[in-house]
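Biologist: Could you take me through the helices and strands of this model, one question at a time?

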2 protein chains.
Amino acid sequence: MADVYDVIVIGAGPTGENVAQRAVRGGLTAAIIESELAGGECSYWACMPSKALLRPVAAVSEANHVKGTAGARLEVPGVFDRRDEFAHHWKDDKQVEWLKNAGVDFFRGAGRISGERAVKVADTELRARQAVVVAVGTRAVVPSALAGAKPWTSREATSAHEVPDSLAIIGGGVVGCEMAAAWSALGARVTLLPRGRLLDRLPRFAGDLVAKGLADSGVDVRIGVGVTGATRNGSVTLTLDDGTTLEAAEILAATGRAPRTDDIGLESVGLTPGSWLEVDDTMRVTAVEGGWLYASGDVNHLALLTHMGKYQGRICGDAIAARAKGNEPEVRDRSSKTCIPQVIFTLPEVSAVGLTKEQAEAAGHTVRVVEYEIGDVAGAALFADGYTGHAQMIVDEDTKTILGMTLAGPGVGEMIHAATIAVAGQVPLDSLWHAVPSYPTMSELWLRLLETYGL
Amino acid sequence: MADVYDVIVIGAGPTGENVAQRAVRGGLTAAIIESELAGGECSYWACMPSKALLRPVAAVSEANHVKGTAGARLEVPGVFDRRDEFAHHWKDDKQVEWLKNAGVDFFRGAGRISGERAVKVADTELRARQAVVVAVGTRAVVPSALAGAKPWTSREATSAHEVPDSLAIIGGGVVGCEMAAAWSALGARVTLLPRGRLLDRLPRFAGDLVAKGLADSGVDVRIGVGVTGATRNGSVTLTLDDGTTLEAAEILAATGRAPRTDDIGLESVGLTPGSWLEVDDTMRVTAVEGGWLYASGDVNHLALLTHMGKYQGRICGDAIAARAKGNEPEVRDRSSKTCIPQVIFTLPEVSAVGLTKEQAEAAGHTVRVVEYEIGDVAGAALFADGYTGHAQMIVDEDTKTILGMTLAGPGVGEMIHAATIAVAGQVPLDSLWHAVPSYPTMSELWLRLLETYGL
């Protein structure tokens with residue numbers, strides 16, 4: 001006899017947890033299956049440990065950039081202790097308890113779809129009255145040229161307990177840049193090897209400012225240098241495509257993510273193992289008949305970010321609950337394509353939301369780009385001596401609303417939510433003009449951007 | 001022969017500068033008159049020097065509240081140097097130059113209205129074709145019980161170059177709280193004597209958290225203790241209304257502000273010297289016939305904050321320029337009564353915008369209050385170990401929009417502009433739900449507030 005639930009969620013990361021919680025809130029029963037730790041990648045090997053490592057680095061840097069302070073320094077063992085606490089020492093007791101309290105049944109093991117509305121976890125068969133939700137996330141892709149040298153992935157980079165003498169990082173995306181900042185500050189000699197410019201999905205100035213910040217803190221940033229081979233013999237020797245070699249005590253492959261869908265039984269319902277799962281705006285997998293299969297979070301490839309996974313999870317759980325009552329869901333995904341916010345916790349920080357100029361033009365918008373040096377805002381000068389930062393605002397000239405914003409500079413992480421509200425709320429520039437920023441905060445940037453626009 | 005300008009502005013603080021700049025941008029000629037330093041109170045004896053003092057204090061405190069850092073401390077001479085630089089060593093050459101470049105004629109001296117559209121500054125007579133704008137701001141009020149002991153006001157508290165052994169601060173508003181935080185950190189033994197609770201225009205929790213923060217940093221906060229007399233004999237002896245006395249090396253009167261309108265010739269146009277000047281939503285003084293007299297900034301008593309003065313200055317300058325062309329101004333003040341943001345740079349910080357529950361109810365709104373402990377947000381826990389803070393959101397239940405928000409906690413200063421946009425833009429909660437906050441920032445507070453509301 002199979003255990004029957006309204007909803008079966010495969011993957012107990014933040015996304016799956018949100019799906020289950022919202023389904024239960026909607027009156028349904030839910031089971032959740034996790035092959036590793038409840039809480040998922042984000043809690044143990046991504047957001048939480050990386051930001052726990054990076055926050056002391058930022059706090060020290062910020063103090064040391066204000067005249068009138070002295071002596072701030074990192075204490076590496078304390079940084080690791082702090083990180084270990086935020087990663088709950090890689091134990092998920094609390095998270096399992098939270099699921100229990102949320103009314104969600106927890107199954108530990110590898111969940112595999114075994115047919116329509118059917119999932120097996122070890123010897124247990126589960127059946128879903130309403131829906132099965134795939135929320136298994138992604139794993140790091142290790143290029144074949146590196147695999148033999150057993151590189152760190154984001155997992156080791158966020159959980160290691162010793163500082164390597166030297167670290168070569170392959171890849172200039174978010175993981176590469178953040179981990180370069182962290183491990184350099186912790187004392188490793190870091191070489192960053194991005195294939196192209198840093199943070200290449202964002203406007204160029206963001207990656208340029210991060211490259212400068214990393215270089216200033218001692219990272220050897222070698223833009224455009226590729227890696228053709230790696231051999232480990234104690235340390236690792238990388239063969240580079242500029243004809244040189246590079247020795248490093250450790251290497252980190254930060255070269256992208258792949259969906260963890262290769263062994264979850266997709267073939268039993270006619271889908272391709274290892275593929276991303278395309279969804280509609282309620283997270284329902286479009287390629288499966290009957291509307292019972294959903295995919296939420298990284299695995300649908302819309303936006304590989306914890307907060308977007310959680311957002312989709314809320315939509316997904318609510319949609320399943322609505323459909324269980326015979327209603328079509330009222331709230332659908334509005335943000336996963338056009339209003340994705342992101343904060344990159346480098347020095348300087350980068351934050352962005354919405355469309356870039358190129359994306360906006362490709363979508364047919366008539367665009368005006370407004371630029372401003374954040375250091376010219378009084379609040380920024382107060383925040384850090386010699387503040388360097390840049391802001392770019394993308395305006396839709398037809399609707400006079402903001403389509404996107406990118407900020408790079410110290411302390412810009414908490415500033416992006418204002419832009420996220422402006423984008424999501426489609427607040428006209430004429431109304432933003434009456435949203436007066438407090439003097440002297442960095443948020444006065446908003447006034448300067450609107451003045452630069454001509455208001 | 002009088003010099004003739006389209007607009008004559010009395011007072012070259014940030015407000016007056018904005019009036020003149022916008023008038024010139026609108027095609028008018030403008031003169032500005034300043035009896036002290038161009039740049040005004042804010043630049044030399046308020047926002048800038050106070051925040052220059054407080055930023056190092058915050059940076060050190062923030063570093064010392066993150067495990068994995070060590071050693072951060074203040075260097076008092078460096079703090080003073082920094083403050084002096086931000087106050088431009090109390091010289092206004094740069095600001096005068098800025099006015100010149102902005103096309104505004106600068107007159108140094110006391111400006112006095114001498115009749116309709118007429119202003120005298122020393123022996124020079126100026127006449128205005130369009131408008132005279134009073135932007136003279138406020139000064140500190142010193143209670144008679146303290147006057148004989150020559151207390152510091154906000155001016156000395158922001159510009160002093162020596163740390164008194166002990167400092168008694170009378171008044172628990174923004175100036176009192178911020179200066180208690182600053183001078184305590186700089187090494188003075190500070191006693192804070194607020195008549196009522198701290199920051200009493202804000203929800204109670206804000207002042208309570210600031211009181212705790214001040215007490216934790218060594219300030220003796222004596223809520224509800226009044227001062228009945230003060231005598232100086234080297235140090236100052238305060239007589240308190242609880243029957244005790246208090247010795248302090250210095251005392252600071254932080255007991256309110258009065259308009260600097262006592263000697264600007266108001267009597268020549270039938271107004272009362274020393275009074276606040278009531279204005280309409282274009283900053284036109286309502287009590288004067290002919291519509292030629294405007295009052296912008298502190299002096300109209302709408303919102304005694306630099307950024308609100310600047311906002312009013314923009315509206316005022318634009319309105320004068322529009323009327324000069326025979327048009328009624330399109331953009332009118334929408335924010336000075338219902339959408340005033342404020343950041344208080346204490347430890348913890350406080351930030352607020354819009355209406356409190358009491359104000360919203362008094363204005364006839366059906367209100368729901370949503371509360372959340374900011375320390376329960378992952379981003380806040382990452383920001384500071386043991387983060388303590390509180391958020392309150394005021395929702396209009398009829399329109400389902402946000403009327404106000406108050407935040408208290410470390411680092412909340414840059415977070416309030418998101419709420420300011422939500423309030424000014426009247427963004428419905430249903431849209432805010434799609435403004436996804438980045439994980440793990442403190443801005444995830446928005447998600448928690450909306451969840452707590454029930455979305």
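Modeller: What follows is a set of questions and answers on helix packing and strand pairing. This is a predicted model, in which local features need pLDDT of at least 70 and side-chain atom pairs count only at pLDDT 80 or more, while totals for chains, interfaces and linings use all residues. Residues are numbered from 1 along each chain as its sequence is written, chains are lettered from A and ligands numbered from 1 in the order in which they are written, and side-chain values use heavy atoms, with hydrogens and water left out.

Biologist: How many of the 18 residues of helix 3 of chain B are buried?

Modeller: Helices (H or I, at least four residues) and strands (E, at least two) are DSSP runs, numbered from the N terminus, and buried means under 20% relative accessible area with a 1.4 Å probe, protein chains only. Helix 3 of chain B is largely enclosed by the rest of the structure, because the number of its 18 residues that are buried is 17.

Biologist: At what angle do helix 3 of chain A and helix 3 of chain B pack?

Modeller: Axes are lines fitted to C-alpha atoms, for helices over the stretch in contact (heavy atoms within 4.5 Å), and angles run from 0 to 180 degrees between N-to-C directions. The two helices, helix 3 of chain A and helix 3 of chain B, are therefore roughly antiparallel (over 145 degrees). Their axes are 9 Å apart, and the packing angle is about 155°.

Biologist: Which residues of helix 3 of chain B meet helix 3 of chain A?

Modeller: On the chain A side, the residues are R55(A), A59(A), E62(A) and A63(A). Their partners in helix 3 of chain B are R55(B), A59(B), E62(B) and A63(B).

Biologist: What is the order of the open sheet of five strands in chain B?

Modeller: Two strands pair if DSSP finds at least two bridges between them, and the pairing in this sheet is antiparallel. The edge strands are strand 19 (342-344) and strand 21 (367-373) of chain B, each of which pairs on one side only. The twist averages 15° from one strand to the next, and the order is 19-20-23-22-21.

Biologist: Which residue in the turn between strand 13 and strand 14 of chain A has a positive phi?

Modeller: Strand 13 (residues 227-233) and strand 14 (residues 235-240) of chain A pair in the antiparallel sense over six bridges, with G229(A) opposite T239(A). The two strands form a hairpin with one residue between them, and the residue in the turn with a positive phi, of about 80°, is G234(A).

Conventions: Buried means under 20% relative accessible area, exposed over 50%, partly exposed in between (1.4 Å probe, protein chains only). Angles under 35 degrees count as roughly parallel, over 145 as roughly antiparallel, 65 to 115 as roughly perpendicular and the rest as oblique.
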